[in-house]
Amino acid sequence: MNIEEFFELSAGKWFSHRTSHHLAFKQSEDGKSDIVIEMLAADHPEVIKLCEQHKVEPSNASCGARVTWKGTMEWDEEKHEGSTVLVTVPDADKPGEGKLLREMGYAEKAPVAGTYKIGDDGALTLITEYETMSSEERLWFASPNLRMRVGILKRFGGFSMASFTSEIRMGATEASKKAMEAANAG
């Protein structure tokens, strides 16, 4: 699987259930979200704008996505919602690796560029360095309609949060139907 196929298979509406472990406080917290992932062509105006913002030649982008979420966390009454644009910029010398540009970061609410790598097992690893912390996420499909994610957030050289997320597709897409047909044929 390449990055474009991973994004394509991720497109659609998902129900997400996350358990986060705040290691410094020895507490865990559950969260639930509805997530919509929409594919954006490499020449989409939002993809071009994000490339230019990160000083990346837009023609080097392979694909993009708009991710929108709406959810709740167990410990607060606030609604957590927002959206961001993601753009992949493959490394010409290393197939399966490259930069992931984000309009808004996961750990800090500012534009950020990280790296991605697709493993031989089809899992996607994202690494993002922020000013005061770093995050590492690993995403994979248990089936075309069930995506799993684990993440670690590190502050000042120590682990501060670990999370596990399961995401269930709410309705099949053309890409997930094709993936299911391929899995059943094999």
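The side chains of R147 and E167 are joined by a polar contact of 2.6 Å. A polar contact is a pair of N or O atoms within 3.5 Å; within protein, one must be able to donate a hydrogen and the other to accept it, and residues adjacent in sequence count only if both atoms are side-chain atoms. This is a predicted model: local features need pLDDT of at least 70, side-chain atom pairs count only at pLDDT 80 or more, and totals for chains, interfaces and linings use all residues. Residues are numbered from 1 along each chain as its sequence is written, and side-chain values use heavy atoms, without hydrogens or water.

R147 has these side-chain polar contacts, among them the one above.

| Pair | Polar contact |
|---|---|
| R147 and S10 | 2.8 Å |
| R147 and E167 | 2.6 Å |

R147 is buried (under 20% relative accessible area; exposed is over 50%, partly exposed in between; 1.4 Å probe, protein chains only), at 7%.

What does the charged end of R147 sit over? That end sits over the ring of W14, 5.6 Å from its centre. The cut-offs are CZ of Arg or NZ of Lys within 6 Å of the ring centre and within 35 degrees of the ring normal.

The whole structure holds 2 aromatic pairs. W14 and F141 have ring centres 6.3 Å apart and planes at 50°, so this pair is tilted. Rings of Phe, Tyr and Trp (its six-membered ring) pair with centres within 6.5 Å; planes under 30 degrees apart are stacked, over 60 edge-to-face, the rest tilted. W14 and F141 are both buried. Ring pairs link F6, W14 and F141 into a cluster.
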